Amino acid sequence: MDNKRLKQITNQLSKILQNWDFDKAISFSTDETQTRDFLIEPFFELLDYSKMDDYLHEYIADMGTKRGRRVDMAISFGKSEPTILIECKKATINLTDNHFRQLNEYCLYTETAKIGIVTNGIVYDFYTRSTDNNVILNETPFFTFNLTNYTDADIEKLALFYRPTFDINSVIQEAEDVYFLEKFDNALFETLSNPADDFIKLIHKKMGGKRLTENVLNQIYGLINSNSLKAVVDKIVLKEISDSNSGIITTAEEIKVYNIIKTILGMSSKIKDTELSRISYRDFKGSFAIIVDESSRKKICSLLLHKNIIEINKETFDLKGTNTTSLIDYKKELIASALKVLSE
């Protein structure tokens, strides 16, 4: 879907959501049936799904020896087998791991289902099958939409499920990007806590070493610990202060955000490795900018983390947090901005 069409759908959904008196609908949703009638079905109707053509209630999903088990809702787009299974709960309860496990069992025995949704009519948790084990769902949702607390970025991601333009491959790709980037912190931790030989060899080369023996390798390995890493971080902070000559301290949170955004950009096939190497950052008083060619005039985005705001191409967006899930909401805007600045 091109950005212009995505913007049109996002604006359309935003207007519908603003005009929907869901507070009244919530007050009437005291059991599961009422929740479906007043919240869940209207939610999919605003996404332009048709009850007669696209989905049905109480879809039979036999589970091994358990026969006649019924899924609350199944979206099949008029086909005989469903693409999306939905587990519905009443609006008065919070969603739990037990509800997810119930959905997972249904998807386990319904191989055509690529997406699973658990909802209480207010919160909608979206899951896809795990790439590590295709028969089960990922344990965390790749996207959560909350009727009572959503951002423009949430509506833009919700637009992926707009019926007239729905593309299962695009949704799965979006989910895979989210799940992949969530592994960044653990991957960095594993790299530093248990360094591979290639990492040791790189350090040895930076030290000016000529010949890497087993003894030297073990000695360098022993030097990589929490104390040495903390000392290095302190030196990096001092270098950044010195380079800026302004007394500005670049925080670990800002570096984390920079690395996540650069990883997001690096995953785009539109940005070459040579272009990625031109991207860096600069810290200013009150803001943190991700830039190209060390030029503050070539700005991909600016972050005001103390206000939970990101500015991309002169447009500001609210950030839910500084983790991967929050930042990937702005993947399209970041890539578009980067391509524009890289071409200047």
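What follows is a working chat about one predicted protein model.

Biologist: What are the ground rules for this model?
Modeller: It is a predicted model, where local features need pLDDT of at least 70, side-chain atom pairs count only at pLDDT 80 or more, and totals for chains, interfaces and linings use all residues. Residues are numbered from 1 along each chain as its sequence is written, and side-chain values use heavy atoms, with hydrogens and water left out.

Biologist: How many helices and strands are there?
Modeller: The protein has 14 helices and 11 strands. Both are DSSP runs numbered from the N terminus: helices are H or I with at least four residues, strands are E with at least two.

Biologist: What does the C-alpha trace span?
Modeller: About 70 × 50 × 35 Å along the principal axes.

Biologist: And how much of the protein counts as buried?
Modeller: 42% of the 344 residues. Buried means under 20% relative accessible area, exposed means over 50%, and partly exposed is in between, with a 1.4 Å probe and protein chains only.

Biologist: What about the accessible surface?
Modeller: The total is about 18,800 Å², and carbon and sulfur atoms hold 50% of that. The areas come from the Shrake-Rupley method with a 1.4 Å probe; for residues, only the protein chains shown count as cover.

Biologist: What share of the contacts is between residues 24 or more positions apart?
Modeller: 51% of the contacts with a separation of 6 or more. A contact here means heavy atoms within 4.5 Å.

Biologist: Charges next. How many positive and negative side chains?
Modeller: There are 44 positive and 51 negative side chains, and the centres of the two sets lie 6 Å apart. Lys and Arg count as positive, Asp and Glu as negative, while His and the chain ends are not counted. Each charge is placed at NZ of Lys, CZ of Arg, CG of Asp or CD of Glu.

Biologist: Which helices supply the lining?
Modeller: α7 (184-193), α8, α9 (214-223), α10 (226-244) and α11 (252-266) each give at least two residues to the largest pocket. The largest share, 7 residues, comes from α10.

Biologist: You mentioned α8. Where is H204, and is it buried or exposed?
Modeller: H204 sits in α8, residues 197-206. It counts as buried, because its relative accessibility is 9%.

Biologist: What does H204 touch?
Modeller: Leaving out residues up to four places away in sequence, H204 touches G209, K210, R211, L212, V216 and I220.

Biologist: How many cavities are there?
Modeller: The structure holds 1 cavity of 30 Å³ or more. The largest cavity has a volume of about 80 Å³.

Biologist: What lines it?
Modeller: The lining of the largest cavity is L6, A153, E156, K157, L160, E174, I328, D329, K331 and K332. Helices α5 (152-158) and α14 (331-342) each supply at least two of the lining residues, and α5 has the largest share with 3 residues.

Biologist: Staying with α14, what about A336?
Modeller: A336 lies in α14 and is partly exposed, because its relative accessible area is 35%. Between A336 and N3 there are 333 residues of sequence separation and 9.4 Å, C-alpha to C-alpha.

Biologist: Where does Y109 sit?
Modeller: Y109 is in the loop between α4 (97-108) and β4 (115-119). Its relative accessibility is 43%, so Y109 counts as partly exposed. The C-alpha atoms of Y109 and I136 are separated by 9.6 Å, at 27 residues apart along the chain.

Biologist: Where is D293?
Modeller: D293 is in the loop between β8 (287-292) and β9 (295-304), and E294 is in the loop between β8 and β9. D293 counts as partly exposed because its relative accessibility is 34%.

Conventions: On a 1 Å grid over the protein atoms alone, a cavity is a set of points where a 1.4 Å probe fits but cannot get out, and a pocket is an open set with protein on both sides within 12 Å along at least five of seven lines; lining residues have an atom within 4 Å of a point. Grid points are joined across faces, edges and corners, and a volume is the space filled by probe spheres set on the points.
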